[in-house]
Amino acid sequence: MQIYRLKINKNTCIGCNICVTSCPINFNQLKEMGYLTQENAVILVKNGMAYDIFTEGRTHNCDGCGVCIKFCPVSAIKLELLES
Ligand code: SF4
Ligand code: SF4
């Protein structure tokens, strides 16, 4: 199983939230639970900055689909493959 970590460029991120709303896993969690939290989200925006939810050596649930990267208007997101 491939394990990814999101790398968000703090110098370019404008906190627009598009990555959060475009992530299909976040979308599924929202559909099931009605909200996103530190427990179920892959990526969130806090204080105007996107950050990944990184626990126990991985960005949980991120499947590396690249949708957030495609939609980020300032190309602030990269994916790092931690393990394959
Ligand atoms: S889409 Fe890009 S600019 Fe917008 S919050 Fe996410 S990382 Fe930041
Ligand atoms: S790569 Fe895909 S699964 Fe991972 S945070 Fe981005 S949109 Fe979500």
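In which loop does serine 75 lie? In this predicted model, local features need pLDDT of at least 70 and side-chain atom pairs count only at pLDDT 80 or more, whereas totals for chains, interfaces and linings use all residues. Residues are numbered from 1 along each chain as its sequence is written, and chains are lettered from A and ligands numbered from 1 in the order in which they are written. Serine 75 is placed in the loop between helix H3 (67-71) and strand S6 (77-83).

The protein chain contains three helices and six strands, and their order along the sequence is β-α-α-β-β-β-β-α-β. Its C-alpha trace spans about 30 × 30 × 20 Å along the principal axes. The radius of gyration of the protein chain is 12 Å, which agrees with the value near 12 Å of a compact globule with 84 residues. This radius is taken over C-alpha atoms, and the globule rule is 2.2 Å times the number of residues to the power 0.38. Of the 84 residues, 19% count as buried. A residue is buried if 20 or more other C-beta atoms lie within 10 Å of its own, exposed if 12 or fewer, and partly exposed in between, with C-beta atoms placed from the backbone. Contacts are defined by C-beta atoms, placed from the backbone, that lie within 7 Å. Among contacts between residues at least 6 apart in sequence, 67% join residues at least 24 apart.

The largest nonpolar core comprises 13 residues, and those with the most contacts inside it are Cys19, Ile43, Cys68 and Ile77. Such a core is a set of buried Ala, Val, Leu, Ile, Met, Phe, Trp, Tyr and Cys residues joined through C-beta atoms within 7 Å. In soluble globular proteins, nonpolar side chains tend to be buried together. Leaving aside residues up to four places away in sequence, cysteine 19 touches Ile43, Ala50, Cys68, Phe71, Cys72 and Ile77.

Lysine 46 stands opposite methionine 49 in S3. The two strands form a hairpin with two residues between them. Asparagine 47, in the loop between S2 and S3, has a positive phi near 50 degrees and counts as exposed because it has 6 C-beta neighbours inside 10 Å. Most residues other than glycine have a negative phi. Serine 75 also has a positive phi of about 50 degrees and, with 10 C-beta neighbours inside 10 Å, is exposed.

Aspartate 52 lies in strand S3 and is buried, with 22 C-beta neighbours inside 10 Å. Aspartate 52 touches Arg5, Leu6, Ile8, Val42, Ile43 and Thr59, not counting residues up to four places away in sequence. Its C-alpha atom is separated by 7.9 Å from that of lysine 7, 45 residues apart along the chain.

Helix H2 is hardly covered, as one of its ten residues is buried. Phenylalanine 27 belongs to H2 and is partly exposed, with 14 C-beta neighbours inside 10 Å. Glycine 34, which follows H2, has a positive phi near 85 degrees. Alanine 41, in the loop between helix H2 (24-33) and S2, is buried because 21 other C-beta atoms lie within 10 Å. Apart from residues up to four places away in sequence, alanine 41 touches Asn26, Gln29, Leu36 and Ile53. Phenylalanine 27 and alanine 41, 14 residues apart in sequence, are 9.0 Å apart in space, C-alpha to C-alpha.

Conventions. Two strands pair if DSSP finds at least two bridges between them. Helices (H or I, at least four residues) and strands (E, at least two) are DSSP runs, numbered from the N terminus. Two residues are in contact if their C-beta atoms, placed from the backbone, lie within 7 Å.
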